[in-house]
Amino acid sequence: MRLPRVRRQRSARPPDTVEPPSTAELLVGVVVVTLLVMVLGSVANSVVWLVGFMVFLPGAASALCTVRQTVMVCVWTTFVVAVVVLVPVDGAATGLDRVLIVLITVCLGVASVYACHRRIGREREMLRLRSVAGAMQRQILVPLPFGTADVVVDGLYEPLQEDRLVGGDVYDVVESPWGTRVLIGDVQGKGLPAVGAAFAVIGAFRAAARRERELTAVVDFLDASVTWHNVRAERAGDDERFVTALVVDIGPRGDARAVNCGHVPPYLLHDGAVTEPRLTSGLPLGLTSLTDEPVTVDAFPFPPGAVLLLSTDGLMETRAADGTFYPVERELSRRARLLPDLLPAALCADARAFAGGGGQQDDVAVLTVHRAPRPS
């Protein structure tokens, strides 16, 4: 069995941290700042006072560099300040002032090294937590491709950042006594806070899809799970969340039924044509208590040989540098005859190229549900 096609992690650094500069870059930066301070001090005829600005170097290093690099910057800064202020080249400062400048530089250097050590410790802890959550998420998401008696489901999932394996998009496939049931959803929010709601939805879907005959009962169970998750989140002081979801029920006949809970509608590819099934869009999971409208189940043709493409809004909301949204339907029409297992990767690669410098703006999950053609 293959694991879900999640983009591999490139580095071991947390996604919200800055990559430390190389030693060469650090040396160039420190030398440039030192020369600049010396030149300005000579022009202003006050080298002793201006050299005090170099104490900001260790502070900047503690936020951007490793502990070893921060120590190097602190040693260099202390050496330069000591040489300049202890040599009587500027009569504007008394001997006590000069000693105080050196002592302040040393104290700030020690504080900078300590701050850098604490920062890296927090980063490592966050990386450990994200790695655990990412591993849990990869184990809970169903491995793709996944085949049932009715369809073959394939696809991929790409979190917002390449080294963040935790996102708010969810999907699952369950083979029930009444057919194959497919879920795709998008939890409000990103990262670790969204993982709990994502797990709640997937667990509820796996239980209800096999137990409930009616699709409305499955969706009601999903909504109840999100509502209960929000109750617990509120008690813990966390934010409440909602989940947009699309639940599709595919039986042995040539049609499919679906409930759309505020999610991106699917596309149907058949004989080179791309159509969008007419689905009633309801409220997201966790918000259905705001209305008295019942859950609506829509049916649409899903003949043998057809492919149903399901995605989250990360694909259609990909934007170019000029703000133009990625034309999903147009690009699907160009690739309507592409093999179902190749289509998700082709669309995501094209969307990244379309975004250009703007990059990916959201998590992206794309699934293809292929009903095999009848044997001739």
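Guide: The account below begins with the sheet and then turns to its surroundings.

This is a predicted model, in which local features need pLDDT of at least 70 and side-chain atom pairs count only at pLDDT 80 or more, while totals for chains, interfaces and linings use all residues. Residues are numbered from 1 along each chain as its sequence is written, and side-chain values use heavy atoms, with hydrogens and water left out.

Six strands form an open sheet in the order β1-β2-β11-β10-β7-β8, with antiparallel pairing. Two strands pair if DSSP finds at least two bridges between them; strands (E, at least two residues) and helices (H or I, at least four) are DSSP runs, numbered from the N terminus. At the edges are β1 (146–147) and β8 (273–275), each of which pairs on one side only. Strand β2 (residues 152–158) and strand β11 (residues 364–370) run antiparallel and are joined by seven bridges. Here V153 stands opposite V369 in β11.

Helix α10 (residues 343–355) lies across β2, β7 (267–270), β10 (307–311) and β11, at about 25° to β2. For such angles, axes are lines fitted to C-alpha atoms, for helices over the stretch in contact, and the angles run from 0 to 180 degrees between N-to-C directions.

V369 also belongs to the largest nonpolar core, which has 49 residues; F302, L310 and V369 have the most contacts inside it. A nonpolar core is a set of buried Ala, Val, Leu, Ile, Met, Phe, Trp, Tyr and Cys residues joined through side-chain atoms within 4.5 Å. Helix α6 (residues 192–211) gives the most to this core, with nine residues. Among the residues that L310 touches are V182, I184, A365 and V369, not counting residues up to four places away in sequence; contact means heavy atoms within 4.5 Å. Another core, of 17 residues, lies apart from the largest one and includes Y326 and V366.

Y326 leads back to helix α10. The ring centres of Y326 and F354 are 5.5 Å apart and the planes are at 65°, so the pair is edge-to-face (centres within 6.5 Å; planes under 30 degrees apart count as stacked, over 60 as edge-to-face and the rest as tilted). Y326 lies in the loop between α8 (313–316) and α9 (328–334), F354 in helix α10, 28 residues apart. Y326 is buried at 3% relative accessible area, and F354 is partly exposed at 25% (buried means under 20%, exposed over 50%, partly exposed in between, with a 1.4 Å probe and protein chains only).

Definitions and conventions. Rings of Phe, Tyr and Trp (its six-membered ring) pair if their centres lie within 6.5 Å; planes under 30 degrees apart count as stacked, over 60 as edge-to-face and the rest as tilted.
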